[in-house]
Amino acid sequence: QVNLVESGGGLVPAGGSLRVYCAFSTFSGGIFSNYGMGWFRQAPGKERTAVAAINWNGVMTTYTGSVRGRFTISRDNAKNILYLQMDDLKPEDTAVYYCGAKHRGAITEIMAGSIDYWGQGTQVTISP
């Protein structure tokens, strides 16, 4: 069983920056580097959608078009932490941000929503 805990959300003005975090832990001896990881978001009244994905060693990343060039996904396998650096934030980025883990997951399947474990989410609100 994998436990994912997001943090770092908050309220920032448009044009600002924010970094959200996802801490990975397990009681069954699972290894963070065995998982592809992704960030997703869900705005009020909308479905959850993929934002970014990263492979097990951080070499391969991909982004949804609306955030490409503004957001950066990264991971620290020594610390078991996934990051999402968000720059030039826009009001339409307002959502609950979730991290997801896929055992030996490729970035394409992660972006398609094939996830084994989800975190509980962290709220990101961008003021106009």
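Rings of Phe, Tyr and Trp (its six-membered ring) pair if their centres lie within 6.5 Å, with planes under 30 degrees apart counted as stacked, over 60 as edge-to-face and the rest as tilted. This is a predicted model, where local features need pLDDT of at least 70, side-chain atom pairs count only at pLDDT 80 or more, and totals for chains, interfaces and linings use all residues. Residues are numbered from 1 along each chain as its sequence is written, and side-chain values use heavy atoms, leaving out hydrogens and water.

**Stop 1: the rings**

Select Phe-24, Phe-32, Tyr-35 and Tyr-117, which ring pairs link into a cluster. The count of aromatic pairs comes to 5. Zoom in on Phe-24 and Phe-32: their ring centres are 5.0 Å apart and their planes at 45°, so this pair is tilted. Both Phe-24 and Phe-32 are buried (under 20% relative accessible area, with exposed over 50% and partly exposed in between; 1.4 Å probe, protein chains only).

**Stop 2: the cores**

Next, select Met-37, Trp-39, Leu-82, Leu-84, Met-86 and Tyr-97, which touch the most other members of the 28-residue largest nonpolar core. Such a core is a set of buried Ala, Val, Leu, Ile, Met, Phe, Trp, Tyr and Cys residues joined through side-chain atoms within 4.5 Å. Strands supplying at least two residues each include E3 (18-26), E4 (35-42) and E8 (81-86); strands here are DSSP runs of at least two residues, numbered from the N terminus. Ala-50, Ala-53, Ile-110 and Ile-115 are among the 6 residues of a second, separate core.

**Stop 3: Glu-6**

Now pick Glu-6, in strand E1 (residues 2-7). Which side chain of opposite charge is nearest to Glu-6? That is Arg-48, 7.0 Å away, and buried Glu-6 has no salt bridge (a side-chain nitrogen of Lys or Arg within 4 Å of a carboxyl oxygen of Asp or Glu). Show the backbone too: the side chain of Glu-6 has a polar atom 2.9 Å from the backbone nitrogen of Gln-120, and also reaches the backbone nitrogen of Gly-121 at 2.9 Å.

**Stop 4: Val-67**

Finish in the loop between strand E6 (61-63) and E7, where you will find Val-67. Is Val-67 buried or exposed? Its relative accessible area is 0%, so Val-67 is buried. Not counting residues up to four places away in sequence, Val-67 touches Arg-41 and Val-51, where contact means heavy atoms within 4.5 Å.

Methods. Helix = DSSP H or I, 4+ residues; strand = E, 2+ residues; numbered from the N terminus. Lys, Arg positive; Asp, Glu negative; His and termini not counted. Polar contact = N/O pair within 3.5 Å; in protein donor to acceptor, adjacent residues only side chain to side chain.
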